[in-house]
Amino acid sequence: MKILVTGGNGQLGRSLNKIGAAYPQHAFVFTDMPEADITDPGRMEGLIKSEQPELIVNCAAYTAVDKAESDPASARRINAEGPRILSGIARETGIGLIHISTDYVFSGKAYRPWTENDPAEPSGVYGRTKRAGEEAVLASGCRAAVIRTAWLYSEFGNNFVKTMLRLGRERDELQVVYDQIGSPTYATDLARAILAVAEQGLNGCEIYHYSDEGAVSWYDFARTIFDLAGFRVRVKAIKSEQYAAPAPRPAYSVLAKDKIKTLGVPVPWWKDSLAECLNLLQTQLQIQTQP
C-alpha cells in the first residue's frame, strides 16, 4: 500500500518514518509544509494526483494548546479546515484517510475512561477546532478512521518527557500538577496502531481511541521520568489552578481502548514504553556528546 503522511516532520510523522522499514509491504511518502499545506486544496489535489497514494495519514495539526486561545483562526484553519479539505479529496478520489485527533474533545469531567460513543464537549479553542475537524471527516462520506490519542511524547520534537529531562538537568526542584489524569502515549506505539488499523482496511467511517495502557497524573509521570533517568529532582505536587495556563485542560482524559483492541492492536503499558523512549534518548545524548 502506498501511504501519504502529512505532518511528516512532527513527532508522530517522524515516528512513522522511524518504523517504516519494518513494514516493507508499504511505500511511504512523508510530506510537510510547504509542499503539503493541508489548508490549500489546489496544492493537496496536485500532490495526491502526483503521488497517487492509496491511503492518507493526516498527522498535521495545530497543537499549541495555549497559543490557540489567542490565535483561534490559525487553529481552526489547520485543525478544522485542513481535515475538511483532505476528507473531501479522499471522497472524490476513493482514497482512505486516517485522521489523528485528541482527548481534548472531551470535557474531562467524568472519572472513567472515555469511549468513542461519549458526547464530545470540548472546552478550549484547541479542543473545539479538533472536534470540528473530526466532524468534517465523519460527514464527508470518505472511507476513514479517526484515531483519538492523548499525552503524546517521543524522542522527537518538543514534548513533556523531553521538557522534564531538560529541566531535570537544570533544576533541583520542580512543581507539577497532580489533579490531571491521563495515559502517556509513546508516539511509536501510536504509529504501530495506525498501521494496524490501515491494514485492517477502511470501510465506512469509524472512531477509535488509542493511548498506552494505564492512568497516571502529570506529577506521577514526572516522578517516573526522573526515577528511570536517574535524576535526583524534588517534585512538588500542585493543583491545576496554581499552574497559570491560558487553555483549560481535561481533568480526566483516560481513553477506553476496547474497540481498537478488537482489531488485535497491541496496547503496551505506559511505563514500559517510557523506558524504551528514555533508552533511545540516552543513546542519542551519548552519541551527541562523544568527542
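**Helix α2 and its surroundings in the predicted model**

At the start of helix α2, a side-chain oxygen of Asp40 comes to within 3.2 Å of the backbone nitrogen of Gly42. The pair is a polar contact, defined as N or O atoms within 3.5 Å, of which, within protein, one must be able to donate a hydrogen and the other to accept it, with residues adjacent in sequence counting only if both atoms are side-chain atoms. The structure is a predicted model, in which local features need pLDDT of at least 70 and side-chain atom pairs count only at pLDDT 80 or more, while totals for chains, interfaces and linings use all residues. Residues are numbered from 1 along each chain as its sequence is written, and side-chain values use heavy atoms, with hydrogens and water left out.

Helix α2 spans residues 41–51, and its residues Met44, Leu47 and Ile48 are buried. These residues cover an arc of only 95° around the axis, which places them on the same side of α2; the arc is that of the directions from the helix axis to the C-beta atoms. Here buried means under 20% relative accessible area, exposed over 50%, and partly exposed in between (1.4 Å probe, protein chains only). Helices (H or I, at least four residues) and strands (E, at least two) are DSSP runs, numbered from the N terminus. The exposed residues Lys49 and Ser50 are carried on the face of α2 turned away from its buried side. The buried residues of α2 pack against β1 (2–6), β3 (55–58) and α4 (72–93), where contact means heavy atoms within 4.5 Å.

Strand β1, one of these packing partners, is mostly covered, with four of its five residues buried. It pairs in the parallel sense with strand β2 (residues 27–30) over four bridges; pairing requires that DSSP finds at least two bridges between two strands. Within this pair, Leu4 has Val29 of β2 as its bridge partner. The loop between β2 and α2 contains Pro34, and the peptide bond from Met33 to Pro34 is cis, with omega near 0°.

Most residues other than glycine have a negative phi, and most peptide bonds are trans. Gln52, in the loop between α2 and β3, has a positive phi of about 50° although it is not a glycine. Trp151, in the loop between β5 (144–149) and β6 (152–153), likewise takes a positive phi of about 50°. Gln52 is exposed, with a relative accessible area of 61%, whereas Trp151 is buried, at 11%.

Two further positions were examined. Ser101 lies in strand β4 (residues 96–102) and counts as buried at 3% relative accessibility. Residues up to four places away in sequence aside, Ser101 touches Lys130, Glu134, Val146, Ile147, Arg148 and Thr149. Leu280, in helix α10 (residues 270–289), counts as partly exposed at 34% relative accessibility. Leaving aside neighbours within four places in sequence, Leu280 is in contact with Lys18, Glu155 and Tyr186.

Over the protein chain, the secondary structure comes to 10 helices and 12 strands. The radius of gyration is 19 Å, close to the 19 Å that the globule rule gives for 291 residues, so the chain is as compact as a globular protein of that length; the radius is taken over C-alpha atoms, and the rule is 2.2 Å times the number of residues to the power 0.38. Buried residues make up 53% of the 291 residues.
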